[in-house]
Amino acid sequence: MMRLLHVSFLISICLLSGCDSKSQKADFVFLNGAEPESLDPAVITGQLEGRLVSSLFEGLTARDPTGSIVPGVAERWEISLDGRQYLFHLRSDARWSNGDPVTAYDFADSWKRTLLPQTAAEYAYQLYYIENAEAFNAGKLPDFNQVGVHALDDQRLEVRLTNPTPFFLDLCAFPTLMPVHMKTIQKYGEDEWIKPGHIVSNGPYTLEQWRINQRVRLLANPFYWDRANVGLNRIDALPTDNANTAFNLYSSGAADLTLDKNLIPAMLLDALRGRPDFHSSPFLGTYFYRFNVTRPPLNNPLVRQAIALAIDKKRIVEKVTRAGEPVADHFVPPGIHNYESPACLGHNPDEARELLRKAGYPGGKGFPTISLLYADQSIAKGVATEVQDMLHKELGITVQLAQQEWKVYLNSMSQLDYDIAASSWLGDYNDPNTFLDMFVTGGGNNRTGWSNARYDGLIQQAAKEVDVEKRKIILQEAEGLLCRDEAPIAPVYFYVGVQFYDPQKITGLVQNVLDEHPLKYIRKQN
Amino acid sequence: MLVFFIRRILGGLLTLFIVISITFFLMRAMPGNAFTKERKLPPAIEKNLLAKYKLDGTVWQQYRGYMSDVLQGDLRLSTKYRSRTVNEVLKQTLPVSMTLGGVAFLIALAVGLTLGCLAAIGHKTMLDRVSMFVAVLSVAIPNFVIAPLAILFFALYWHIFPVAGWDSIRHVVLPATCLALPFAAYVARLTRNSMLEVLNQDYIRTARAKGVAEARVVLKHALKVAILPVVSFSGPLAANLLTGSLVIEQIFKVPGVGAFFVNGVLNRDTFLVGGVVIVYSTLLILFNIIVDVLYTFLDRRIQLA
């Protein structure tokens, strides 16, 4: 009996394991974070999926290694004076990976698909800047012809926006607005079309293999219009969300590049930071605390300001996060287009004590115990422990730490069932609006209960303003309300993007605030 | 025998039905859903998503719909791996876990039985003490300590095996061994204790008195009886190993099914968790039936009824 089992298991090893030792090796291997949820441009929402999708597909515009917008499928465009009408001229040599030309109709049809309610595209709201798109997506407007996107002919696409939207060209490079090959979708169905062997794409790469938790393999697209400038022929993206495993793969030479901050073992940060293959730079993300302004004593702006002023952010980035994060005295990260943040609340314990006294709690006397909610076990917990200590020492406030599982935590935040909550926000596009419009009254991502008519008015006013300089001043006033005068939030630090690669061997990566590193431009010297 | 099978299979199906139902209701009772994210969705979009993944309507309606889909063999779409059906996820990952678990199962039995027999034969000698010390050590040191140490020495220092991945037979060795070790130790202790008991019985004394060689006494006469506790343990062991291990699969980046037990729950991926639970329960029920049948072959005193 045992012998029989032995034999059958040995046979099954080779049959079942899916080990394909015959397949060719990739020229370049990178660690991309967790398993991609999807590779469908209309479906994905995450950064790691975005890296792969931006290599498979190309929008009207694209990004260069510095993160700047360059022409993509559109070779040029005209914008009307009121900033609401765009006319894109598509290049005539843009092709799908099966040789079909990429036309303006492809874009109109793809955007229609993203907006159709049955597609259930999570990021459909990235298209809401287009006239009537929101109503169509909500099912209130059945006729797509009334939505502001029209193909005039194969090469010309006209787009009408509700408001002048200075970041619309940025959005055109975003995965949600990338074109898909409708004939392939009709042939294989909404879920099957993106599988290897079915997918037809228009970007620098095509999909050769996609095995769950094993690898995504990309192969240079021979029909891509700029094929001559695509460096690598075959690329493997390895999914893993385990920092130690990722680091082992990288240090044993099994991977050339690590592209995710979460893939750096936190314990080794101090030792790794000085190495020549460690690269870090700030990007568009902020770590901050939300205050529940519906609960006393946090309903008092003086109390919120006092807490914000008592947090020693420098200590947090030096002791806890340790990857070179800049401290955040304001909410919009530095380096964003056409904007500088106003001065807000820095670290000032004396002023904090004074404000707390004015609020009626001298030396923290009479201040109730408040809770600080967070989800993640490592960084957020470390930061929370520091803040607990600082508030106790500086203000005499007792803080209780409360950890919840991720989705339970999100639920508590949405239902305003917390006092102070650790939070983070990553920008979608290079514009202050992606950070500021979330705190309008009743906004789904507000989650503080804060409502300020002046703030709502400023955000609306900025949306209609064509003049860049005037818009900047309006948004600065809004950010001042948010981070200084009313302080429903307390920013702590800005995120950094971290990559691991040997700069002698790997070129074509440039540090940029979007932490975008298009694979098209990466080269490897052997 | 036939009556036994029919009864066990019917009982198994009932168990399966109850397990699926409990899993479903527990998953739906948790706060938040698959689409609860840091970025709150506009209500219209959340409504579209819930409709696409059949998570709208009352929980009772969802349950009835899900059960009828499951009966037709459709485990539905994963809400995390958006364009993949649960069937497809299982089809890609289950064979990987089964290979890893199968190899680990063989290692656990082979190493465990050998160590156990040696310890019993050399009872109270150095051999016994060393075998049992190794066994206790392997049970006591958790996987997440043994695995990184194995990687450090065998992969990073000596370059004998790859650090992680799943591309060749060479990739199987380290994870399978690390997965097997604690179970091998457990099997060794089971074998030793049971073997010691059997070796003291009258029929063994008779065999020895008749002049049967010691190796033959142990391997032919004693082992056949002494192995019974190991056989009953190997049923759940096989089900456990074949359905993957979260820790080992993560550390060695093995694309198996193990991670979905935990991550599926964290992601509120109701149907993926459902699918994994169905596979695990089915294997567990199946192996328990097999174990019962094996018993009758090994010990004629046991009758199935």
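Me: Before anything else, where do domain bounds come from?
Reply: Domain bounds come from an automatic or database domain assignment. For chain A, that assignment gives domain 1 (15-246 + 501-524) and domain 2 (281-497).

Me: And what kind of model is this?
Reply: This is a predicted model: local features need pLDDT of at least 70, side-chain atom pairs count only at pLDDT 80 or more, and totals for chains, interfaces and linings use all residues. Residues are numbered from 1 along each chain as its sequence is written, while chains are lettered from A and ligands numbered from 1 in the order in which they are written.

Me: Back to the domains. How far apart are the C-alpha centres of domain 1 and domain 2 of chain A?
Reply: Those centres lie 33 Å apart. The contact between the domains takes 13 residues from domain 1 of chain A and 16 residues from domain 2 of chain A. Two residues are in contact if their C-beta atoms, placed from the backbone, lie within 7 Å.

Me: What classes of residue are on the domain 1 side?
Reply: Seven nonpolar, three polar and three charged residues. Ala, Val, Leu, Ile, Met, Phe, Trp, Tyr, Cys and Pro count as nonpolar, Asp, Glu, Lys and Arg as charged, and the others, Gly among them, as polar.

Me: New topic: chain B. How many helices and strands?
Reply: Chain B has 13 helices and zero strands. Helices (H or I, at least four residues) and strands (E, at least two) are DSSP runs, numbered from the N terminus. The C-alpha atoms of chain B fill a box of roughly 85 × 60 × 30 Å along the principal axes.

Me: How much of chain B is buried?
Reply: Buried residues make up 40% of its 305 residues. A residue is buried if 20 or more other C-beta atoms lie within 10 Å of its own, exposed if 12 or fewer, and partly exposed in between, with C-beta atoms placed from the backbone.

Me: How many residues of chain B are in contact with chain A?
Reply: 47 residues of chain B are in contact with 44 residues of chain A. α2 (43-52), α4 (86-121), α6 (143-157) and α11 (246-251) of chain B each give two or more residues to that side of chain B. α4(B) gives the most, with 10 residues. By class, the side of chain B that touches chain A has 26 nonpolar, 11 polar and 10 charged residues.

Me: What about the largest nonpolar core?
Reply: It has 234 residues, and those with the most contacts inside it are Ala104(B), Ala108(B) and Ala184(B). A nonpolar core is a set of buried Ala, Val, Leu, Ile, Met, Phe, Trp, Tyr and Cys residues joined through C-beta atoms within 7 Å. α4(B) gives the most to this core, with 19 residues. The core also draws at least three residues from each of domain 1 and domain 2 of chain A.

Me: What does Ala104(B) touch?
Reply: Leaving aside neighbours within four places in sequence, Ala104(B) is in contact with Ala176(B), Leu179(B), Ala180(B) and Leu241(B).

Me: Over to the strands of chain A. What does β12(A) pair with?
Reply: β12(A) is joined to β16(A) by 10 bridges, running antiparallel. β12(A) also pairs with strand β15 (residues 420-426) in the antiparallel sense, over seven bridges. Two strands pair if DSSP finds at least two bridges between them. Ser281(A) has Gly497(A) as its bridge partner in β16(A), and Phe288(A) stands opposite Ser423(A) in β15(A).

Me: Why is β12(A) called largely enclosed?
Reply: Because 10 of the 14 residues of β12(A) (residues 278-291) are buried.

Me: And β7(A), which residues are on its covered face?
Reply: Leu157(A) and Val159(A). Arg156(A), Glu158(A) and Arg160(A) form the uncovered face. A hairpin through two residues joins β6(A) to β7(A). Four bridges link those strands, which run antiparallel. Asp153(A) has Arg156(A) as its bridge partner in β7(A).

Me: Last one: which residues of helix α10(A) are buried?
Reply: Lys313(A), Ile316(A), Val317(A), Val320(A) and Thr321(A). They cover an arc of only 105° around the axis, which puts them on the same side of α10(A). The arc is that of the directions from the helix axis to the C-beta atoms. The buried residues of α10(A) pack against α12 (379-395) and β16 (489-500) of chain A.
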